Amino acid sequence: MFKGYSQNEQYSEVVSLFARMMRAGVEPSCYTFPMVLKSCANVKAMREGGEAHCLVIKTGFKSNPYVGTTLIELYSSGGESGHAYKVFGEMPLRNVVAWTSMINGFIGCGDMASARKLFELAPERDAVLWNTLVSGYLETGDLVMARKLFDRMGGDHKDVMSWNTMLSGYCENGDFGASEILFEEMRPLRNVFSWNALIGGYARHGRFSEAVSTFKRMLLVESESHVCANDATLVAVLSACSRLGALDLGKWLHTYSETIGYKGNVYVDNALIDMYSKCGLIKNASDVFKSMAKKDLISWNTIIGA
């Protein structure tokens with residue numbers, strides 16, 4: 001039951017079920033606590049999470065590294081980095097996941113100094129831990145520190161996810177000069193997420209012509225690199241088309257999206273409705289809306305505003 005509710009993101013149900021379980025006198029296992037603690041974190045049920053923590057200690061699962069890690073995540077999600085660090089300090093066995101969780105907790109609470117200090121003390125660092133700290137600097141807009149840390153990564157840790165993290169950070173912060181240089185440096189590793197970072201970055205910063213031209217570059221190298229657009233790519237480019245009034249390209253994208261398997265995709269269809277309506281083709285927008293098997297709130301709002 002716990003697993004089913006968790007997988008369906010019914011976190012409040014997990015918390016309620018755990019309360020019923022306690023009233024019934026059923027003893028939880030080391031597999032129960034992580035699901036309950038994660039659910040408490042997701043719905044910000046800090047009181048219930050604290051009660052579960054007391055039960056963790058009472059039932060002897062305090063030394064379990066997986067339970068300890070989820071306790072760190074619980075307290076960090078509520079901005080209680082002090083409590084999270086106390087849990088971390090009391091863990092007899094701290095693996096790289098626990099170190100990453102605590103460092104991420106400090107980052108989430110805006111304490112980059114503590115995050116960096118703990119990072120330097122970590123006995124083991126994997127790609128996820130490196131990327132966590134790099135992402136923290138990028139989120140605070142400290143591109144210089146992020147790049148210094150990125151350059152410190154060894155070859156074993158600097159995978160495509162690392163390159164994409166740095167690229168996305170440059171794009172989010174509007175540093176497209178550095179973005180393009182990095183994008184060329186990572187040429188052998190580039191995947192669709194790399195292209196999406198650059199295309200989406202241009203679109204979000206109002207540089208719609210660059211978004212379109214980058215997409216066209218992607219199509220030119222598609223056959224040799226085996227990179228194919230996904231729904232995020234299509235949405236970003238369609239958004240650029242709608243702002244530029246590029247109806248011909250928008251129509252081509254409509255056909256192209258269906259060719260590569262995105263017919264009926266709610267995100268792509270919403271972008272098509274927006275593109276057609278902004279280009280003045282209300283009937284086309286209406287046709288896309290009527291053809292949708294699944295509509296969300298954005299679908300309705302977009303067609304109403306057409």
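**View 1. Lysine 283 and aspartate 287 sit four residues apart, about one turn, in helix 18 (residues 282–291).** Helices here are DSSP runs of H or I with at least four residues, strands are runs of E with at least two, and both are numbered from the N terminus. This is a predicted model, in which local features need pLDDT of at least 70 and side-chain atom pairs count only at pLDDT 80 or more, while totals for chains, interfaces and linings use all residues. Residues are numbered from 1 along each chain as its sequence is written, and side-chain values use heavy atoms, without hydrogens and water. The two side chains form a salt bridge with an N to O distance of 3.0 Å; the term means a side-chain nitrogen of Lys or Arg within 4 Å of a carboxyl oxygen of Asp or Glu. Lysine 283 is exposed at 59% relative accessibility, and aspartate 287 is partly exposed at 36%. Buried means under 20% relative accessible area, exposed over 50%, and partly exposed in between (1.4 Å probe, protein chains only).

**View 2. Glu180, Glu184, Arg187, Arg190 and Arg217 belong to one network, joined by salt bridges that share partners.** By the same rule, the count comes to 19 salt bridges.

**View 3. A salt bridge joins glutamate 90 and lysine 62, at 3.6 Å from N to O.** The pair links distant parts of the chain, 28 residues apart: glutamate 90 is in helix 6 (residues 81–90), and lysine 62 is in the loop between helix 4 (46–59) and helix 5 (65–77). Glutamate 90 is partly exposed at 36%, and lysine 62 is partly exposed at 39%.
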